[in-house]
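Student: I'd like to learn how to read a few local features in a protein model. Could you walk me through them?

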Amino acid sequence: MKLLTPTGIEFLIYGKLDQLPFFNPDLANDPTVEVLNWRKSLDQANLVIFASPEYAHGITGVIKNALDWIVSSGELLGKPISLPNLSPRASIAHAQLCEILSIMGGDILESCSPNASLITPYVIPCDTAKNLCDIAEINHRIRELWNRIETAMITQ
């Protein structure tokens with residue numbers, strides 16, 4: 001997604017989820033700097049893209065922990081969300097993530113949430129992201145997702 005970001009769109013990958021402390025509801029009203037930074041980044045986003053691998057038939061603990069920190073703070077309330085399912089075999093985690101984000105008040109944009117299938121995979125084994133983007137079929141699908149995101153943001 002980052003390599004194919006259209007001109008005029010700022011695309012940031014939040015790479016610090018692993019720095020969030022384990023969620024503790026007793027500390028929700030006195031969050032750490034890491035939690036405040038996570039919340040601020042979501043609050044400032046015009047749209048959030050969530051993509052989760054499936055691990056043991058669920059979303060990863062790191063993603064679940066990050067979401068737990070924002071359940072009651074409201075950063076996703078009414079926020080447009082793209083929820084692509086990139087693996088045809090990750091339906092359980094994707095359904096969990098969809099449920100969690102919906103219950104948190106996120107606005108999951110169906111047009112921006114494609115589902116991979118065995119016929120139309122979004123991920124093909126590659127050694128680098130650049131090589132993946134050089135595969136015409138994948139490049140086209142990612143660009144199409146960006147087009148849908150741009151359209152959705154204009155009509156919001």
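Tutor: Gladly! Let's start with naming: helices (H or I, at least four residues) and strands (E, at least two) are DSSP runs, numbered from the N terminus. Keep in mind that this is a predicted model. With those names, alanine 56 sits in the loop between strand S1 (48-49) and H2.

Student: What is the phi of alanine 56?

Tutor: Alanine 56 is not a glycine, yet its phi is positive, about 55 degrees. Histidine 57, also in the loop between S1 and H2, has a positive phi near 65 degrees.

Student: Are alanine 56 and histidine 57 buried or exposed?

Tutor: Exposed means over 50% relative accessible area. Alanine 56 counts as exposed because its relative accessibility is 72%, and histidine 57 is exposed at 53%.

Student: Now the aromatic rings. How is a pair described?

Tutor: By the distance of the ring centres and the angle of the planes. A search of the whole structure finds three aromatic pairs. One of them joins phenylalanine 11 and tryptophan 146: the centres are 5.4 Å apart and the planes at 85 degrees, so the pair is edge-to-face. Phenylalanine 11 lies in the segment before helix H1 (33-44) and tryptophan 146 in helix H5 (residues 136-155), so the pair ties together parts 135 residues apart in sequence. Phenylalanine 11 is buried at 17% relative accessibility, and tryptophan 146 is buried at 3%.

Student: Why is the pair of phenylalanine 23 and tryptophan 69 called edge-to-face?

Tutor: Because the planes of phenylalanine 23 and tryptophan 69 stand at 85 degrees, with the centres 5.0 Å apart; planes over 60 degrees apart count as edge-to-face. Phenylalanine 23 is partly exposed at 30% relative accessibility, whereas tryptophan 69 is buried at 2%.

Definitions and conventions. Residues numbered from 1 in each chain as written. Predicted model: local features only at pLDDT ≥ 70, side-chain atom pairs only at ≥ 80, totals over all residues. Heavy atoms only, no water. Phe/Tyr/Trp six-rings, centres within 6.5 Å; stacked < 30°, edge-to-face > 60°. Buried < 20%, exposed > 50% of the residue type's maximum accessible area, 1.4 Å probe, protein only.
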